[in-house]
Amino acid sequence: MTTYMRDKPSMLGSRASKFLLSALILIHLLPTQLLAQRSKSPWQTLTGSAPLIIARGGFSGLLPDSSVDAYSIVSQTSVSDAVLWCDVQLTKDGVGICFPDVKMMNASSIQDAYPKRKNSYLVNGVPTQDWFTIDFTLKDLKSVFLIRGILSRSDAFDNNQYAISTVQDIAMELKPKSFWLNVQHDAFYAQHNLSISKFLLSLPKTVTINYLSSPEVTFLRSIGGRFGKAGPKFVFRFLEKDDVEVSTNQTYGTLLGNLTFIKTFASGVLVPKSYIWPLEDQYLSPHTSFVQDAHKAGLEVYASGFANDFDMAYNYSFDPLAEYLSFMDNGDFSVDGFLSDFPLTASSAVDCFSHLGSNASTQVDFLVISKNGASGDYPGCTDLAYSKAIKDGADIIDCSVQMSLDGIPFCLNSVDLGESTNIVQSPFRNRSATVPEIAPLGGLYSFSLTWSEIQTLRPAITNPYNRDFNLFRNPKERSSGKLVSLSDFLNLAKNSTSLAGVLISVENAAYLREKQGLDVVKAVLDTLTKAGYSNATTTTKKVMIQSTNSSVLVDFKKQSRYETVYQVEETIRDILDSAIQDIKKFADAVVVRKNSVFPVSESFTTGQTNLVERLQRFQLPVYVELFRNEFVSQPWDFLSDATVEINSHVTGAGINGTITEFPLTAARYKRNKCLTRKDLPPYMSPVQPAGLLSIMSPTSLPPAEAPNPVFTDADVTEPPLPPVIAKAPTSSPGPLSTDEKAPNGQPRVTLSLLLSAFAMVLASLLLL
């Protein structure tokens with residue numbers, strides 16, 4: 001491969017010789033002779049074999065579609081029999097190239113190379129303006145380079161000058177074990193006196209075509225008998241049901257009802273995944289019988305449209321593995337193959353996570369700690385979020401303790417009720433206050449309402465990526481569930497047979513003692529005692545107390561024997577030994593941020609710190625937060641796959657626990673059957689930190705940033721918690737009367753209150 005890349009610069013552009021696979025691949029590569037062992041569990045595919053992994057344009061979810069590097073890394077990151085997919089287009093001189101579409105503007109630099117050669121043609125009867133492959137010879141295209149075709153993906157590789165490759169180049173130089181050619185527009189080329197059939201039949205015998213697909217009936221019927229016995233498998237590609245097939249003038253929805261006819265010229269069908277699992281309002285409807293019907297007709301079923309960074313059903317909680325599993329491990333059917341932009345994820349789904357069953361044993365030891373319960377699926381800190389976290393396999397569920405006006409400790413992700421409830425639409429919206437010790441702006445704080453008042457509020461699911469990326473979590477349940485007191489939380493956990501324990505987070509203790517007369521430490525300890533957690537004969541559940549304040553943990557240590565966890569809020573690159581020794585005096589474990597393990601610049605990892613190793617050397621377990629499933633929450637290095645990110649932190653960095661809003665993803669990873677193998681398959685090896693920077697053009701490298709700080713003794717040391725200062729008794733403020741007048745006859749509402757309420761309304765809208 002290295003020799004090829006040096007000898008064929010036209011294939012890769014001027015910088016191709018840099019891209020050795022051992023450097024460019026983000027995976028810690030294993031010996032190339034390693035063959036991934038496929039699952040031996042029974043499959044409900046037509047042949048009984050595991051589903052095929054088809055890499056659309058190579059690893060096109062990471063690198064430009066149809067680039068040589070995108071094709072090359074498939075064999076290094078996927079199952080050994082993964083298929084390379086090439087969308088065949090014809091040039092003006094009849095040469096077949098691998099390019100995602102007959103239109104070129106979206107995935108190449110054609111507009112820059114030939115700004116005046118835009119054209120207009122009828123494509124399947126639709127007038128279309130663009131730059132078309134039929135207007136350029138192969139020689140013309142030597143100055144055109146491949147770029148990302150989907151805007152949600154990184155443009156950092158657009159300057160790599162990836163050349164457009166011919167079909168023969170890919171087949172001869174990469175020698176794929178299996179090669180799939182897709183012919184999307186045979187009729188269009190025929191209208192312009194170009195023949196796909198002629199091109200395919202003229203390919204030398206050294207080019208092996210294993211699969212040939214097309215959405216055009218006439219093309220497949222006419223070419224079917226011309227390859228002889230050694231020809232490819234023919235696959236009819238269904239487009240959307242309302243689209244019209246050009247040669248029969250029937251909709252694909254109509255053709256769907258005549259699978260026996262399809263069987264006369266094809267051995268399989270390729271369908272959009274919605275043919276199998278329809279969606280309604282982005283939620284799954286019951287699956288159709290399409291796979292079973294096609295299998296009865298003797299047709300293999302390949303499903304298309306799989307990508308980690310595409311919209312998927314809310315049911316999957318932004319987890320691409322969950323989506324793959326629903327198409328092959330549902331108890332009713334399995335598709336025969338996946339057409340995917342992310343073949344690594346598809347490979348791990350098939351080989352590592354299929355047929356696990358609910359009783360699969362744990363293969364790796366680390367704690368799955370929830371963040372406000374399963375707060376990616378339900379409003380955080382509600383009964384529903386906690387119940388789902390337990391069901392999903394969390395080892396530890398957490399409660400961020402807040403205090404009500406009447407001293408009741410309860411669970412909520414923030415002391416500001418406006419962040420996760422509907423308080424700004426409630427009668428209590430007038431209770432805004434500015435508390436500099438907590439936040440510079442006004443808020444509607446828990447200690448301004450009694451617990452009975454708080455219980456009347458509706459919780460709101462958090463949507464951290466709605467503003468920038470228009471990603472919303474489980475809209476149907478955005479206000480479901482009820483808030484729970486610490487007492488109810490502890491009872492729920494105690495009654496669970498699967499939980500190892502609970503984590504209770506305590507913040508703002510000093511302010512609450514000094515300014516509100518509330519002792520959150522005492523409230524937590526008293527509630528734990530009443531719930532039976534201080535008595536080993538009542539429950540064996542582990543209790544962990546977490547805080548960013550050393551003074552809080554020191555206070556708990558003095559009064560109890562519960563485990564204490566120190567949270568480092570800042571992103572740091574290292575920590576002094578003396579600081580670790582100080583932490584050891586009051587904490588049994590440490591929580592750090594993900595970026596403190598893998599530093600990130602412009603969404604690319606830039607390396608790996610030794611922070612985890614250093615803390616563990618002092619016998620301090622390290623838990624890392626915050627893990628989310630949304631692909632935009634992860635650096636590009638983790639391939640838009642939450643499981644890849646977890647694997648890199650657990651297997652790669654050796655952390656002791658994940659703090660996650662989606663416990664199911666981490667809990668499933670613990671049962672990953674690939675982790676039992678002596679040699680990990682490449683799709684279950686941790687990423688190489690900063691690996692993607694090595695294949696990036698220097699002009700695209702993220703700018704150097706100032707290094708993160710080193711955590712010192714001064715960052716740890718705090719004065720002890722102040723004593724509780726009783727607050728002067730006041731009546732609980734009620735809703736503001738609209739008739740109440742100030743002496744000047746105007747309603748008694750201050751400007752600051754209006755501004756604060758306005759800010760709260762804005763915050764509330766962002767939660768919707």
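The dialogue below treats these topics in turn.

Mentor: Please keep in mind throughout that this is a predicted model.

Trainee: Let us begin with aromatic pairs. How many aromatic pairs does the structure hold?

Mentor: There are 34 aromatic pairs in the structure. Trp85 and Trp180 form one that is tilted, with 5.5 Å from centre to centre and 35° between the planes. This pair links distant parts of the chain, since Trp85 belongs to strand 2 (residues 83-90) and Trp180 to strand 8 (residues 179-182), 95 residues apart. Both Trp85 and Trp180 are buried.

Trainee: Why is the pair of Phe306 and Tyr324 called stacked?

Mentor: Planes under 30 degrees apart count as stacked. The planes of Phe306 and Tyr324 stand at 15°, with ring centres 5.0 Å apart, and therefore this pair is stacked. Because Phe306 lies in strand 14 (residues 300-306) and Tyr324 in helix 14 (residues 320-326), the pair ties together parts 18 residues apart in sequence.

Trainee: Are Phe306 and Tyr324 buried or exposed?

Mentor: The cut-off for buried is under 20% relative accessible area. Phe306 has a relative accessible area of 1% and is therefore buried; Tyr324 counts as buried as well, at 1% relative accessibility.

Trainee: Which residues do ring pairs link into a cluster?

Mentor: The cluster consists of Phe236, Phe238, Tyr252, Phe261, Phe265, Tyr275 and Phe290.

Trainee: Which charged ends sit over the rings of Phe353 and Phe366?

Mentor: Over the ring of Phe353 sits the charged end of Arg668, 5.6 Å from the ring centre. For Phe366, the charged end is that of Lys670, at 5.5 Å from the centre of the ring.

Trainee: What is found at the ends of helix 21?

Mentor: Asp519 caps the N-terminal end, where one of its side-chain oxygens lies 3.2 Å from the backbone nitrogen of Val521. Just after the helix, Gly532 adopts a positive phi of about 90°.

Trainee: Finally, where is Ser60 placed, and what does Ser60 touch?

Mentor: Ser60 is in the loop between strand 1 (52-56) and helix 4 (68-72). Leaving aside residues up to four places away in sequence, Ser60 touches Asp65, Arg153 and Asp341. Ser60 counts as buried because its relative accessibility is 5%.

Methods:
Residues numbered from 1 in each chain as written. Predicted model: local features only at pLDDT ≥ 70, side-chain atom pairs only at ≥ 80, totals over all residues. Heavy atoms only, no water. Helix = DSSP H or I, 4+ residues; strand = E, 2+ residues; numbered from the N terminus. Buried < 20%, exposed > 50% of the residue type's maximum accessible area, 1.4 Å probe, protein only. Contact = heavy atoms within 4.5 Å. Phe/Tyr/Trp six-rings, centres within 6.5 Å; stacked < 30°, edge-to-face > 60°. Lys NZ or Arg CZ within 6 Å of the ring centre and 35° of its normal. Polar contact = N/O pair within 3.5 Å; in protein donor to acceptor, adjacent residues only side chain to side chain.
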